[in-house]
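Work through the exercises below with the sequence and the coordinates at hand. Each task is followed by a stepwise solution.

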Amino acid sequence: MVRTAPQGVTLTLRTDDLPPEELIFGRSAAMQEFRQRIPKFAATNVPLLIQGASGTGKGVLARYIHSRSSVAAGPFVSVNCAAIPCTLLESELFGYEKGAFTGAYASKPGRVEMAHTGTLFLDGIDEIDLPLQAKLLQLLQDAQFSRIGGREDITVQIRVICATSRPLEHEIAVGRFRADLYYRINVATVELPTLRSRIEDVPQLARYFYERLRKRYKSSAAPISPLLLKLFEQHTWPGNIRELENLMERYVILGSEEAISEELVSWERTPIAPELPTNGPIQLKKVTRKAVRELEGWIILSALEANRWNRKRAARDLRISYRSLLYKIRQAGLNPPHARIA
Ligand SMILES: Nc1ncnc2c1ncn2[C@@H]1O[C@H](COP(=O)(O)OP(=O)(O)OP(=O)(O)O)[C@@H](O)[C@H]1O
Ligand SMILES: [Mg+2]
C-alpha cells in the first residue's frame, strides 16, 4: 500500500535571515561565473550536490537555491548528518512507528516526510554510514521509503540537495560511500570556492558581519580599520567564511583590533623558514626537530580549524588516530578559538 506523507507537516524556511544576494555571490570572478549557473539549478528540481571546504557557505547556498526553486513554497528541511550519531540518524530521517523499538511509545514522522513538497538538505552526506546509504538510494530512485518498524511504503515529493566537504570520489575509493548513490545525488554539482580564492570579497563580507554582529551585541567597536583589512587580505582563511564570521564576532565583543590582529599574525607564521643562529654552529638535528614540530603544529591547527575543531574529523583528515591527535594538540599547546577569547 502506498501512503502519501501528511500535508500538514511543514518547517518554516527562514529566508529572512539569508544574506543579501550580492553578498552571497560577491564580486570575485570565481563567484560571478558560479552565479550564472545558479538559476539553472534552481529551476530544475534534480538532485544537487554542493561541494566545498568547511565554512564556504554550502548551507547558505542550499537555502538560497531552495528560495529560488519551484518548491520554494514548500518546507526547507535541513539535516546535519555529521552532528547526529549514526544510530539515531535513521529514525531522524525516516521516522518510526509505535513499538518499532524500546521507547517508541508513539509514531513519529522523520525529516524526509517533513520535507514533502519542499527541499530536503542533507548536510555532511559523507558522514552517512553504508546501511543508511542503501535506504537513501531507494528514496532517490523511487521517491519511496518506510518508517522504522513500518510496513507501508510512503511516497514523497521532495527535491534533494546534499553537501559534502570531502571529495566523495575518495570516499568511494576507500569503500565508505556507495558509487550508485553518488551518481544519484550528483546529477548536478557545484563547488564553492575557498575564501582565499575569492579574497577580494573579504572586505564586503567583513563589513556585513561587523554591522550585523555590532547590532546583535549592542557593541561600540569601531569600524574595521584599513590595517585590519590588510591583514585579512594576507590571511589564508583555512576556516573560510565561518572563520571570518567568528573573528568578527570576537572583534565586536572585545572591541579591540589588537586581540584579533595578533591572532591573524600568529596564524600567518608559517614555520617553513626556521630561525637560524647568526653566530655559532647550526645544530642541524636540533633546528630540524624544532622546525618539524612547528610545522606539525601548524598543519594540525589548520586541520582543526577546517573541521570546526571537530577532533574526530580532523584526525581522519590527517590520517592519524584520534588519541594521537589529542596527544599532539596537548604537545603543541593548541586551544580552540572560544578558549582564546577568554
Ligand atoms: N555569503 C555569505 N554571506 C554571509 N554569511 C555567510 C555567507 N556564506 C556563509 N556565511 C556564514 O558563514 C557560516 C558558514 O556557512 P555555512 O554553514 O553555510 O558553511 P558550510 O560550507 O555549510 O560549512 P560546513 O561544511 O562546516 O557545514 C554561517 O554562519 C553562514 O551564515
Ligand atoms: Mg554546513
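## Setting

The protein chain has 16 helices and eight strands (DSSP runs numbered from the N terminus, helices being H or I with at least four residues and strands E with at least two). The model is predicted: local features need pLDDT of at least 70, side-chain atom pairs count only at pLDDT 80 or more, and totals for chains, interfaces and linings use all residues. Residues are numbered from 1 along each chain as its sequence is written, while chains are lettered from A and ligands numbered from 1 in the order in which they are written.

## Exercise 1

Determine the strand order of the five-stranded open sheet and the sense of its pairing.

Step 1. Strands pair if DSSP finds at least two bridges between them. β3 (residues 76-80) and β4 (residues 119-123) are parallel, with five bridges; V79 lies opposite L122 of β4.

Step 2. β4 also runs parallel to β7 (residues 159-164), again over five bridges, and T119 faces R159 in β7.

Step 3. The complete order is β3-β4-β7-β2-β8, with parallel pairing. β3 and β8 (188-191) are the edge strands, each pairing on one side only. From one strand to the next the twist averages 15°.

## Exercise 2

Decide whether D123 is buried or exposed, and list its contacts beyond four places in sequence.

Step 1. A residue is buried with 20 or more other C-beta atoms within 10 Å of its own, exposed with 12 or fewer, and partly exposed in between; C-beta atoms are placed from the backbone.

Step 2. D123 belongs to β4 and has 20 other C-beta atoms within 10 Å, so D123 is buried.

Step 3. With contact meaning C-beta atoms, placed from the backbone, within 7 Å, D123 touches K58, G59, S78, V79, N80, C81 and A163.

Step 4. For β3, four of the five residues are buried, so this strand is largely enclosed by the rest of the structure.

## Exercise 3

Classify the packing of α9 (residues 202-216) against α11 (residues 240-254).

Step 1. Axes are lines fitted to C-alpha atoms, for helices over the stretch in contact, and angles run from 0 to 180 degrees between N-to-C directions. The angle between α9 and α11 is about 45°, and their axes are 9 Å apart.

Step 2. Angles under 35 degrees count as roughly parallel, over 145 as roughly antiparallel, 65 to 115 as roughly perpendicular and the rest as oblique. α9 and α11 are therefore oblique to each other.

Step 3. Residues making the contact include F209 and L213 of α9 and L244 and M248 of α11.

Conventions:
Contact = placed C-beta atoms within 7 Å.
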